[in-house]
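Please work through the following exercises with the sequence and the coordinates at hand. Each task is followed by a worked solution.

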Amino acid sequence: MVLMTDIPQRHILKTRVHCLDYQRAWAEIAAAIRDGTFGYGAIANVHMVMTGYWDRGFQKIINQALVTTPDGMPLVWGLRWLGYPQAIRVYGPDLMLHCCAMAAQEKLPVYLYGSRPETLEKLQHHLLEKFPNLQIAGVEAPPFRPPTSAEVIATRQRIEQSGAKLVFVGLGCPKQEKWMAENSPHLNAVLLGVGAAFDFHAGTVSQAPHWLRPLGLEWLYRLIQEPRRLWKRYLIHNGAFILLFGWQLLRRRSP
């Protein structure tokens, strides 16, 4: 994998985050496809940053990504406070749509891996309605258990035989990043972990209102929707992030 060294970047805690926009993110993905270097892209938020902070192995996976985009507003603010006032948010669900539009334009087949069969069916319908020229080379909903060795090999073969050059992975963090790191060396495609984007675009989970997103309060909207599943992620990780990143900024500004 060739890491892009000319994109402005900063480490937020231990995670390398790139300062880029949707067009530049696609340019790096397209270049990796064209050059045959492939690799995978990470869409970073506070949850990912904190998971990496506590897990050295996962941190290595994130920092070996082709690109790591600032999906969460706290990371955008972090980039700005660390010297990049031009930093903007690259929101995962919107990046997925941008990549689909460009893939349709450039006739690059895509593959959908993750979620449930019923969600994938709705997602396909939505994407093809929005991008009639998009080539969806295949879809796959993996089992909700660790796959066997035979299943892992079979999945790689299906993706390779499909001819897909861009694989959207919707398994959630950190499962999807681990899956991409494990499978990327065996696939002639760029993998992009898009998390909840499958559910959002399929209409099975509602997104936060547009006015709420720039305020960095999407986490609160999702917490209200799924309190039992998300309380630990948001309340513990968000609190720890504020303390640790605040300390990072203080050390940076100390004489």
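The exercises below concern a predicted model.

**Exercise 1.** Determine how the residues of strand S7 (residues 166-170) are oriented, and whether they are buried or exposed.

*Solution.* Begin with the general rule: side chains in a regular strand alternate between the two faces of the sheet. In S7, Leu166, Phe168 and Gly170 point one way, while Val167 and Val169 point the other way. Next, apply the cut-off for burial, which is under 20% relative accessible area. Five of the five residues of S7 are buried, and the strand is thus mostly covered.

**Exercise 2.** Identify the strands that pair with S7 and state their sense.

*Solution.* Strand S5 (residues 110-114) pairs with S7 in the parallel sense over five bridges. In this pairing, tyrosine 113 stands opposite valine 169. Strand S8 (residues 190-193) also runs parallel to S7, joined to S7 by four bridges. Here valine 169 stands opposite glycine 193. Finally, follow the chain from S7 through helix H8 (residues 175-183) to S8: this β-α-β crossover is right-handed.

**Exercise 3.** Locate the cis peptide bond that involves proline 174.

*Solution.* The bond joins cysteine 173 and proline 174, with omega about 5 degrees. Proline 174 lies in the loop between S7 and H8.

**Exercise 4.** Lysine 107 has a positive phi, as has serine 115. Classify each residue as buried or exposed.

*Solution.* Lysine 107, with phi near 60 degrees, is in the loop between helix H5 (92-106) and S5. Its relative accessibility is 61%, so lysine 107 counts as exposed. Serine 115, with phi near 65 degrees, is in the loop between S5 and helix H6 (117-130). Its relative accessible area is 14%, so serine 115 is buried.

Technical notes. Residues are numbered from 1 along each chain as its sequence is written. This is a predicted model: local features need pLDDT of at least 70, side-chain atom pairs count only at pLDDT 80 or more; totals for chains, interfaces and linings use all residues. Side-chain values use heavy atoms; hydrogens and water are left out. Buried means under 20% relative accessible area, exposed over 50%, partly exposed in between (1.4 Å probe, protein chains only). Helices (H or I, at least four residues) and strands (E, at least two) are DSSP runs, numbered from the N terminus. Two strands pair if DSSP finds at least two bridges between them. A crossover is right-handed if, with the strands pointing away from the viewer, the path from the first strand over the helix to the second runs clockwise.
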